[in-house]
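These are my notebook entries on a single protein chain. I set down what I looked up, entry by entry.

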Amino acid sequence: MAEISAKLVKELRDRTSAGMMECKKALVETNGDLEKAIDLLKEKGQSKLDKKANRIAAEGVIGSYIHSNNRIGVIVEINTETDFSAKTDQIKDFAKNIAMHIAAMNPKYVSESDVDKEELEREENVLRQQALNESNANMPEDKKEMIIQNKLKGRLKKWYSDFVLLDQPYVKDQDKTVDQYLRETVAAVGENVKIRRFARFEVGEGLEKKQENFAEEVQSQINSAK
């Protein structure tokens, strides 16, 4: 069995935000293989989250964020299982941070399951055609199809990260997604937590106007506050 060093445990903890003992156990189970340990912790974390996800979360808070220029505003509903947890600073901070993220990144949907099916089908058709246009006409059909599918999968993942809240890199920590931030919050609170819905308002949105990048302004404000 490989020796599990404190440095390796710390690296795993930094990359997963799991507890020290959980990290050490995962490394022992995977014989010190860091990448396998990460996958193992993800599987265990998913299992715990799945169990909590079946529990009713009907309490919660409304988070909000108004950008300093008063031209972007967001409200978001965060659901929890109990009124007690909804009143904690951790949930209040989570709601505020998610609202701030939405202001900066402007997602259209909370999760992949919320994506409009017709919009997704159109995007898949466009991306598949792009991949087909890039393919080698002399390549065997089975190999060509495999390459097209791999490209389609990767490009859809990028599309989701642009428009789906849970898939987006978290604006205050680009090394993790909003979904990972949600999972960390679930683990810390010890009960089901859900981002149910949100609304983002931008002054003059949909009207003809001078183009300004408010998302960059929000991001700049977040960075200066760190």
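**Entry 1: Gln168 and its surroundings**

I listed the contacts of Gln168, leaving out residues up to four places away in sequence: Gln168 touches His101, Met105, Pro107, Ser161, Asp162, Phe163, Lys176, Thr177 and Val178. I note that the model is a predicted one.

I then looked up where Gln168 sits in the chain. Gln168 belongs to the loop between helix 7 (141–163) and strand 3 (169–170).

Is Gln168 buried or exposed? I found a relative accessible area of 0% for Gln168, so this residue counts as buried, the cut-off for buried being under 20%.

I also looked for a polar partner of the Gln168 side chain. One of its polar atoms lies 3.0 Å from the backbone oxygen of Asp162. Asp162 is also among the residues that Gln168 touches.

Three strands make up an open sheet, in the order 1-2-5, and their pairing is antiparallel. Strand 1 (59–66) and strand 5 (193–202) are the edge strands, each of which pairs on one side only. From one strand to the next, the twist averages 15°.

How many bridges join strand 2 to strand 5? I recorded nine bridges between strand 2 (residues 72–80) and strand 5, and the two run antiparallel. As one example, I looked up Asn79, whose bridge partner in strand 5 is Lys194.

**Entry 2: The helix across the sheet**

I then asked which strands helix 5 lies across. Helix 5 (residues 89–105) lies across strand 1, strand 2 and strand 5. Its direction is at about 140° to strand 2.

I looked up the backbone angle phi of two residues other than glycine. Asn70 has a positive phi, near 60°, and Asn106 has a positive phi as well, near 50°.

Where are these residues placed? Asn70 is in the loop between strand 1 and strand 2. Asn106 is in the loop between helix 5 and helix 6 (117–134).

I checked their accessibility last. Asn70 counts as exposed because its relative accessible area is 59%, and the cut-off for exposed is over 50%. For Asn106 I noted a relative accessibility of 35%, so this residue counts as partly exposed.

Technical notes
Residues are numbered from 1 along each chain as its sequence is written. This is a predicted model: local features need pLDDT of at least 70, side-chain atom pairs count only at pLDDT 80 or more; totals for chains, interfaces and linings use all residues. Side-chain values use heavy atoms; hydrogens and water are left out. Two strands pair if DSSP finds at least two bridges between them. Helices (H or I, at least four residues) and strands (E, at least two) are DSSP runs, numbered from the N terminus. Axes are lines fitted to C-alpha atoms, for helices over the stretch in contact, and angles run from 0 to 180 degrees between N-to-C directions. Contact means heavy atoms within 4.5 Å. Buried means under 20% relative accessible area, exposed over 50%, partly exposed in between (1.4 Å probe, protein chains only). A polar contact is a pair of N or O atoms within 3.5 Å; within protein, one must be able to donate a hydrogen and the other to accept it, and residues adjacent in sequence count only if both atoms are side-chain atoms.
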